[in-house]
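This report is meant to be read with the sequence and the model side by side. Please keep both in view while following the residue numbers in the text.

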Amino acid sequence: MNIDELLKKIKRVHFIGIGGAGMCPLAEILISLGYNVSGSDNNDTETFRRIEKEGAKVYLGQKKENLTDDIELVIYTNAILKGNEELEYAKENFECYERADLLGAMSRIFSNCIGVCGTHGKTTTSSMLTQILLEAGLDPSAVIGGKLPVIDAYGRYGRSENFVCESCEFNNTFLKMNPDIAVILNIDEDHLDFFGNLENIKKSFRQFAEMTTKTIIYNGDDKNTVDTLKGITGKKLISIGRNKNNEWVAENIDIPGGFHSSYDIYHNGEFIAKAELSVPGEHNILNSLCAFVAAYESGADVESICRGLKAFGGAGRRFELLGKYNGITFADDYAHHPAEIKVTLEAAKKMGYKNVWAVHQPFTFTRTSILLDDFAEVLKIADRCVISAIMGSREVNTIGIKAKDLADKVPNSIQLDTFEEICDYVLNNAQDGDLVITLGCGDVYKVARMMVNKLKNK
């Protein structure tokens with residue numbers, strides 16, 4: 001029985017890894033839909049305790065005893081390593097599906113599922129869109145890759161047919177989904193350890209677009225996206241961008257520095273509204289225009305959309321401002337691909353700080369090796385650069401790449417393995433008026449918080 005049919009017949013679901021940022025909102029939605037939910041996790045986190053307060057029975061630690069006889073469906077995350085006692089027992093004795101399968105099923109439960117995909121900008125755009133729909137009173141459900149401050153969570157359940165869903169291409173996760181509206185922000189080379197080359201990435205995005213039931217909103221300025229969508233029929237295609245050939249266009253862009261910018265929105269040559277943003281960087285112009293159009297297509301009024309955009313102050317780990325201590329400003333960003341690091345550092349350089357420090361944690365050996373020169377080029381944008389040891393994550397270093405190989409290509413950089421070393425070095429050398437920004441999708445955010453706490457305690 002497929003998961004769509006199963007969800008119609010059962011009410012008892014168990015999550016292995018329920019405290020994960022991607023699992024918690026799914027569990028929350030099922031609880032709100034009337035399911036009896038339980039789950040386990042090895043880490044006692046904020047999200048783990050949040051879902052307990054929502055009504056789930058939770059277990060700290062993963063063992064087979066957590067699996068009671070009344071369970072009808074087990075959902076697990078692919079972050080769980082082979083040999084996990086609870087997962088192995090579940091697969092032998094229960095109906096089991098991966099998180100992506102449940103997300104796919106949810107995309108078919110709601111009649112207006114908006115799947116936001118793209119190599120860069122998914123979390124920010126999904127967060128913007130969720131905040132806009134809340135401002136417009138359209139009460140969306142949402143599953144987002146970062147914490148949205150206005151709801152203090154990674155997702156929510158709303159009592160409407162609107163469902164905002166961050167749709168990730170890694171491992172072709174998004175091909176489990178059938179969104180009603182697809183938002184395609186951009187297509188770039190990433191996850192090459194899985195895809196192999198750009199052509200395979202484009203094929204997956206093409207398939208995602210073809211699986212969309214109604215409307216595709218896409219970046220008409222991005223050649224890879226335009227090429228990928230050529231020849232698609234049976235959908236409403238809406239192009240957005242800065243180029244006036246697009247249906248929706250951002251004009252008169254004003255980025256004075258700091259955390260604010262504005263631009264005029266035109267639709268088929270007609271002025272619609274002036275958008276004001278409270279997040280930095282030129283890249284957020286197109287992210288916000290995509291969110292605007294997706295909300296507009298979902299029935300939000302223009303005035304509410306503009307209010308929502310102006311109120312949006314960023315998602316967790318997306319140029320997240322942590323504070324200013326001893327005259328030094330600290331921020332944290334999820335950027336882990338050269339294109340993402342480039343736009344983040346370029347935005348930082350325009351904000352008027354004396355020096356911009358990039359504290360970068362390379363993520364996976366294959367990505368670091370394949371994109372070594374690209375990483376080096378964008379890290380040069382910073383005035384000072386500190387590079388940590390490579391976080392291998394799911395990989396073993398069979399290619400012999402080292403973090404020092406990257407540091408050797410970046411002037412004014414230093415390579416330090418441990419977070420303690422990095423913390424001490426930056427605090428001993430950063431000056432009044434500097435910006436220190438941690439960059440990476442691993443756990444480099446801990447360095448920023450370590451530095452902030454040291455200065456707080458002083």
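What follows describes a predicted model, taking up its strands, its helices and its aromatic rings in turn.

**An open parallel sheet**

An open sheet of five strands has the order β3-β2-β1-β4-β5, and its pairing is parallel. The edge strands are β3 (57-60) and β5 (96-98), each of which pairs on one side only, and the twist from one strand to the next averages 20°.

Helix α2 (residues 24-32) lies across β1 (12-16) and β2, running at about 170° to β1, while helix α3 (residues 46-53) lies across β2 and β3, running at about 150° to β3.

How many residues of strand β21 (residues 435-439) are buried? Five of its five residues are buried, and the strand is accordingly described as mostly covered. Leu435, Ile437 and Leu439 point one way from β21, whereas Val436 and Thr438 point the other way, and all are buried. In a regular strand the side chains alternate between the two faces of the sheet.

Strand β17 (residues 328-333) runs parallel to β21 and is joined to it by five bridges, and strand β18 (residues 356-360) also pairs with β21 in the parallel sense, over five bridges. Ile437 of β21 is the bridge partner of Ala331, and Ile437 is likewise the bridge partner of Ala358.

| Strand pair | Bridges | Sense |
|---|---|---|
| β17 and β21 | five bridges | parallel |
| β18 and β21 | five bridges | parallel |
| β7 and β8 | three bridges | antiparallel |

**A hairpin**

Strand β7 (residues 141-148) and strand β8 (residues 153-156) run antiparallel and are joined by three bridges, with Arg156 in β8 as the bridge partner of Ala142. The hairpin of β7 and β8 has four residues between the strands, and in this hairpin Asp152 takes a positive phi near 50°.

**A helix pair**

The axes of helix α12 (residues 338-349) and helix α14 (residues 372-379) come within 9 Å and cross at roughly 5°, and the two helices are therefore roughly parallel to each other. Their contact is made by Pro338, Ile341, Lys342 and Leu345 of α12 together with Asp374, Phe375, Val378 and Leu379 of α14.

**Aromatic rings**

The structure holds 10 aromatic pairs. In one of them, the rings of Trp248 and Tyr296 have their centres 5.3 Å apart and their planes at 70°, so the pair is edge-to-face. This pair links distant parts of the chain, with Trp248 in strand β13 (residues 248-257) and Tyr296 in helix α10 (residues 283-297), 48 residues apart. Trp248 counts as buried because its relative accessibility is 1%, whereas Tyr296, at 36% relative accessibility, counts as partly exposed.

Elsewhere, Phe170, Phe194 and Phe195 form one aromatic cluster. A ring also takes part in an arrangement with a charge: the charged end of Lys11 sits over the ring of Tyr35, 4.4 Å from its centre.

Terms used: Residues numbered from 1 in each chain as written. Predicted model: local features only at pLDDT ≥ 70, side-chain atom pairs only at ≥ 80, totals over all residues. Heavy atoms only, no water. Buried < 20%, exposed > 50% of the residue type's maximum accessible area, 1.4 Å probe, protein only. Pairing = 2+ DSSP bridges. Phe/Tyr/Trp six-rings, centres within 6.5 Å; stacked < 30°, edge-to-face > 60°. Lys NZ or Arg CZ within 6 Å of the ring centre and 35° of its normal. Axes fitted to C-alpha atoms, helices over the stretch in contact; angles between N-to-C directions. Contact = heavy atoms within 4.5 Å. Parallel < 35°, antiparallel > 145°, perpendicular 65-115°, else oblique.
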